[in-house]
Protein chains: 2
Amino acid sequence: MRIGVLGTGIVGRTLATKLAALGHDVMMGARKKDNETALGWAEETGGKAGDFADAAAHGELVINCTKGSVSVEALRQAGAGNLAGKVLMDVSNPLVFTEGELSLSIVNTDSLAESIQRRFHSAKVVKTLNGMNCAVMVEPGRAPGTHSVFLCGNDRDAKADVRALLESFGWQDIIDLGDLTAARGMEMILPLWLKLTNSLGTSDFNFAVMRED
Amino acid sequence: MRIGVLGTGIVGRTLATKLAALGHDVMMGARKKDNETALGWAEETGGKAGDFADAAAHGELVINCTKGSVSVEALRQAGAGNLAGKVLMDVSNPLVFTEGELSLSIVNTDSLAESIQRRFHSAKVVKTLNGMNCAVMVEPGRAPGTHSVFLCGNDRDAKADVRALLESFGWQDIIDLGDLTAARGMEMILPLWLKLTNSLGTSDFNFAVMRED
């Protein structure tokens with residue numbers, strides 16, 4: 001599949017590398033065409049690099065891996081027309097760090113994913129994978145046992161596409177939480193996740209939803 | 001141990017009944033001394049009933065099971081003097097339901113538990129058990145496998161007391177998240193918890209934090 005990965009940070013690089021290894025035709029998008037991280041990634045993996053608009057135009061499916069604080073602006077640069085009708089998988093979090101404490105810039109009665117959906121109404125936004133370290137996203141076996149990944153969104157077919165992608169990463173327990181309002185709860189897990197990272201001394205963990213079949 | 005349980009709702013009754021069954025000397029506290037639920041519970045279990053101040057005075061350890069929206073007022077009625085120096089185990093959540101959607105009245109940069117600690121500075125507030133159905137709180141076996149319960153607070157000895165109580169309920173994976181600021185993340189898990197309840201069609205589930213030993 002042609003996939004556009006927006007963002008050159010550790011999350012974008014990790015997802016793009018996994019997707020390229022799975023045989024997808026991946027373009028990494030950055031703010032500028034001459035972004036050295038994106039160009040270096042493309043050279044290393046045989047993938048492609050471009051600016052946000054190039055990557056969004058390239059992708060049949062587009063993944064938002066930009067920082068939550070700049071996601072809407074990055075997607076505006078990607079272009080609403082390049083996102084229209086496409087699955088827009090959002091793995092970002094609206095994180096703010098103030099004096100060592102984490103908070104969310106969008107929270108409680110709204111979410112980053114919903115903000116993106118409102119602004120880009122023709123895209124099919126699916127929230128997933130945001131509540132874990134990116135190494136675990138693409139390699140669930142880094143945490144032992146069977147654990148869970150959530151997704152939500154307003155479009156059934158888009159969620160099926162994302163589910164298939166998650167399965168190709170090795171995910172087995174994929175829980176559909178319903179429409180995109182569930183992104184609030186998915187994003188609000190981050191403060192707990194960070195405290196756990198500190199307490200456990202590792203980010204190689206994930207939540208399993210333990211219930212009877 | 002003498003335990004005061006503040007609140008006569010399903011959470012308070014479930015915890016009080018479990019604690020009485022474990023042999024503790026439990027008093028259920030209500031807004032008024034003649035509260036029929038509290039009196040009925042006492043008659044049924046051989047426990048005691050009183051108002052918030054009676055229950056707080058009775059307990060060596062006090063559990064806040066009142067609704068988050070009224071907790072500070074209930075604790076004011078319980079009396080700062082009756083809480084001073086005691087472990088105050090807070091299992092409540094600052095929930096607001098508006099048009100079917102859940103939100104939190106205290107969130108992100110503050111938590112209910114921290115609000116309580118600020119107002120009752122001589123109490124030793126420990127947040128725990130808030131992120132699950134009350135039936136699971138006292139009977140972790142309702143969800144399969146080993147799953148996790150979190151606690152946090154500013155007093156080490158108070159957390160040890162709460163840990164012992166949790167162990168007596170059958171909890172095995174008890175994760176100390178540090179000081180009371182971790183209550184933010186613990187309370188912010190509720191929106192995800194509610195979406196999971198809806199998606200799974202049951203509240204007999206809990207989160208396990210899957211990691212290497």
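Reader: What makes A:Met28 a residue to look at, and which residues does A:Met28 touch?

Author: In this predicted model, A:Met28 touches A:Val5, A:Thr8, A:Gly12, A:Ala16, A:Ala38, A:Trp41, A:Ala42, A:Gly47, A:Ala49 and A:Ala55, leaving aside residues up to four places away in sequence. Two residues count as in contact if their C-beta atoms lie within 7 Å.

Reader: Which residues touch the most other members of the largest nonpolar core?

Author: They are A:Val5, A:Leu6, A:Met28, B:Val5, B:Leu6 and B:Met28, in a core of 146 residues. As background, nonpolar side chains tend to be buried together in soluble globular proteins.

Reader: Why is A:Leu129 called buried?

Author: The cut-off for buried is 20 or more other C-beta atoms within 10 Å. A:Leu129 has 27, so A:Leu129 is buried. You will find A:Leu129 in the loop between strand E8 (124-128) and helix H7 (134-138) of chain A. Phi of A:Leu129 is near 65°, a positive value in a residue other than glycine. Most residues other than glycine have a negative phi.

Reader: And B:Glu99: what makes this residue count as buried or exposed?

Author: Exposed means 12 or fewer such neighbours. B:Glu99 has 4 C-beta neighbours inside 10 Å, so B:Glu99 counts as exposed. B:Glu99 sits in the loop between strand E6 (95-98) and strand E7 (101-104) of chain B, and phi of B:Glu99 is positive too, near 50°.

Reader: How do you know that the two copies are related as by a two-fold rotation axis?

Author: Chain A superposes on chain B by a rotation of 180° with 0.0 Å of shift along the axis, at an RMSD of 0.0 Å. The two copies are therefore related as by a two-fold rotation axis. The same surface serves both copies, as 100% of the contact residues of chain A recur in chain B.

Reader: How many residues meet where the chains touch, and which element of chain A gives the most?

Author: On chain A 38 residues are in contact with 38 residues of chain B. Elements giving two or more residues to the chain A side include strand E7 (101-104), helix H9 (183-187) and helix H10 (190-200). H10(A) gives the most, with seven residues. By class, that side has 19 nonpolar, twelve polar and seven charged residues.

Reader: Which residues of H10(A) are buried, and what do they pack against?

Author: A:Leu190, A:Pro191, A:Leu192, A:Trp193, A:Lys195 and A:Leu196 are buried in H10(A). The buried residues of H10(A) pack against strand E6 (95-98), E7 and H9 of chain A, together with helix H9 (183-187) and E11 of chain B. After H10(A) comes A:Gly201, with a positive phi near 75°.

Reader: What makes E11(A) and E11(B) a pair of strands?

Author: Pairing needs at least two bridges. E11(A) and strand E11 (residues 206-210) of chain B have five bridges, in the antiparallel sense, so they pair. The bridge partner of A:Ala208 is B:Ala208.

Reader: Why are E3 and E10 of chain B called edge strands?

Author: Eight strands form an open sheet of mixed pairing in chain B, in the order E3-E2-E1-E4-E5-E8-E9-E10. Strand E3 (48-51) and strand E10 (173-176) each pair on one side only. Strand E9 (residues 148-153) of chain B is joined to E10(B) by four bridges, running parallel, and B:Phe150 stands opposite B:Ile175 in E10(B).

Terms used: Residues numbered from 1 in each chain as written. Chains lettered and ligands numbered in written order. Predicted model: local features only at pLDDT ≥ 70, side-chain atom pairs only at ≥ 80, totals over all residues. Nonpolar A, V, L, I, M, F, W, Y, C, P; charged D, E, K, R; others polar. Least-squares fit on C-alpha atoms with pLDDT ≥ 70 in both. Core = buried A, V, L, I, M, F, W, Y, C linked by C-beta atoms within 7 Å.
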